[in-house]
Amino acid sequence: MAAPMSNVDEIRNRVILGEFGVRNVHTTDYPGNYPGYDDTWNFQKFKKNFRIDIVQMDENTMEFDMVGIDAAIANAFRRILLAEVPTMAVEKVFIYNNTSIIQDEILAHRLGLIPIKADPRLFEYRNAGDDEGTEIDTIQLQLKVKCTRNPRAPKDSSDPRELYLNHMVYSRDMKWVPIGNQADVFADASIGPVHGDILLAQLRPGQELDIVMHCVKGIGRDHAKFSPVATASYRLLPEITLLQPVEGEKAERLKRCFSPGVIELENRDGKQVAKVANSRRDTCSREVLRYDDLKNLVKLGRVRDHFICEFVCFTVRDHFIFSVESTGILPPDMLVSEAINVLLAKCQRFINELDSTDMD
């Protein structure tokens, strides 16, 4: 027997959070799968339904909604942000002197993970086998620090901060050394580490570091140090609906089952009644299903299961909440734009391959 139309809509448009699993996670709205539905892909229809809403953005973080796309496309954006948007990072480390207790390999690894403030779009990829580098593909940094005793230190002091000079080596000690005409081209740019307070090493009198670094352009797919984001993730938009009034002690427990701000209580005729304040804050923990006296009040499946329910917990299939946190190399909105450009280039390459195959 064919499923009711409302049930089909639920399968097509909602992911159901059940007690022992999550259902309707796979895309099923392809042509011919549901009688009476025209699921043929149409550009005008996609253009009408697709949208991006920026919810919050500051210097390093951004949250936005991407609505009207399949999970595969949303995941493509996430993967591109992590691994295919280029940045500049330390690739070659020339250690002329290192008398600290940190081994050369460990120190070089730490230096490679320091985010470098430089616009990668202004540089080219370095050619394979080129060890020297030029002004168009290389940024040169220098780290030269020597620890000495502080002649003005109090005689009875035991604090290293008073006894020694330059005993803490930070990322701010990495200085940019222009190559060729870089001093003129990047006169207004502040090239160097994004954060100046990253501790690199601790020294004692007589110990020193003399290091030259070459930064090149690369992508996170080759090494994580090139990844422009600290994190890039998405989640489906939660949807919670109260179908009956929930009052008193039950409303209090219902509120505690969800993240703060999802369920609030309001006073109606002297009774505390639960209401959905902001379902967006829900983490879909399904905590409510742990309680025997509450789990049967939750709609666990389709309508035909005939559960007596007081609220329904869904996630919307094509509404993705993206969170992007930049390492500070580029603003998050610029990273999203660059990710879109990378995806467009991939699509164009695929179309070109199809055209060349047809010609053959």
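Modeller: Strand S4 is largely enclosed by the rest of the structure, because five of its seven residues are buried. Buried means a relative accessible area under 20%, exposed means over 50%, and partly exposed covers the range in between, with a 1.4 Å probe and protein chains only. Strands (E, at least two residues) and helices (H or I, at least four) are DSSP runs, numbered from the N terminus. The model is a predicted one, in which local features need pLDDT of at least 70 and side-chain atom pairs count only at pLDDT 80 or more, while totals for chains, interfaces and linings use all residues. Residues are numbered from 1 along each chain as its sequence is written, and side-chain values use heavy atoms, with hydrogens and water left out.

The partner of S4 is strand S3, residues 51-57, which runs antiparallel to S4 and is joined to it by six bridges. Two strands pair if DSSP finds at least two bridges between them. S3 and S4 make a hairpin, with three residues between the two strands. Within this pairing Met57 stands opposite Met62 in S4. Met62 is buried, at a relative accessible area of 6%. From Met62 to Arg149 is 87 residues in sequence and 46 Å in space, C-alpha to C-alpha.

A pocket is found on a 1 Å grid over the protein atoms alone: it is an open set of points with protein on both sides within 12 Å along at least five of seven lines, whereas a cavity is a set where a 1.4 Å probe fits but cannot get out; lining residues have an atom within 4 Å of a point. The largest pocket has a volume of about 1100 Å³, where a volume is the space filled by probe spheres set on the points, and grid points are joined across faces, edges and corners. Its lining has 32 residues, and those nearest its centre are Trp41, Phe46, Gly68, Ile69 and Asp70. Two or more lining residues come from each of helix H1 (5-13), helix H2 (43-49), strand S4 (61-67), helix H3 (71-83), strand S18 (311-326) and helix H9 (332-359). H9 gives the most to this lining, with four residues. By class the lining of the largest pocket divides into 17 nonpolar, six polar and nine charged residues. Here Ala, Val, Leu, Ile, Met, Phe, Trp, Tyr, Cys and Pro count as nonpolar, Asp, Glu, Lys and Arg as charged, and the others, Gly among them, as polar.

The second largest pocket holds about 210 Å³ of space. Of its 15 lining residues, Glu91, Arg126, Asn127, Val216 and Lys217 lie nearest its centre. Strand S5 (87-98) and strand S14 (208-218) each supply at least two of the lining residues, and S14 has the largest share, three residues. The lining of the second largest pocket has five nonpolar, three polar and seven charged residues.

S5 and S14 also belong to an open sheet of four strands, in the order S5-S14-S7-S11, with antiparallel pairing. S5 and strand S11 (174-176) are the edge strands, each pairing on one side only. From one strand to the next the twist averages 25°; axes are lines fitted to C-alpha atoms, for helices over the stretch in contact, and angles run from 0 to 180 degrees between N-to-C directions. Strand S7, residues 139-146, is joined to S11 by three bridges, and Gln142 stands opposite Lys175 in S11. Lys144 is in strand S7 and is exposed, with a relative accessible area of 58%. The C-alpha atoms of Lys144 and Lys47 are separated by 55 Å, at 97 residues apart along the chain.

Two loop residues other than glycine have a positive phi. For Asn166 phi is near 60°; this residue lies in the loop between strand S9 (164-165) and strand S10 (168-170) and is partly exposed, at 47% relative accessible area. For Asp269 phi is near 55°; Asp269 is in the loop between strand S16 (263-268) and strand S17 (271-276) and counts as exposed at 82% relative accessibility.
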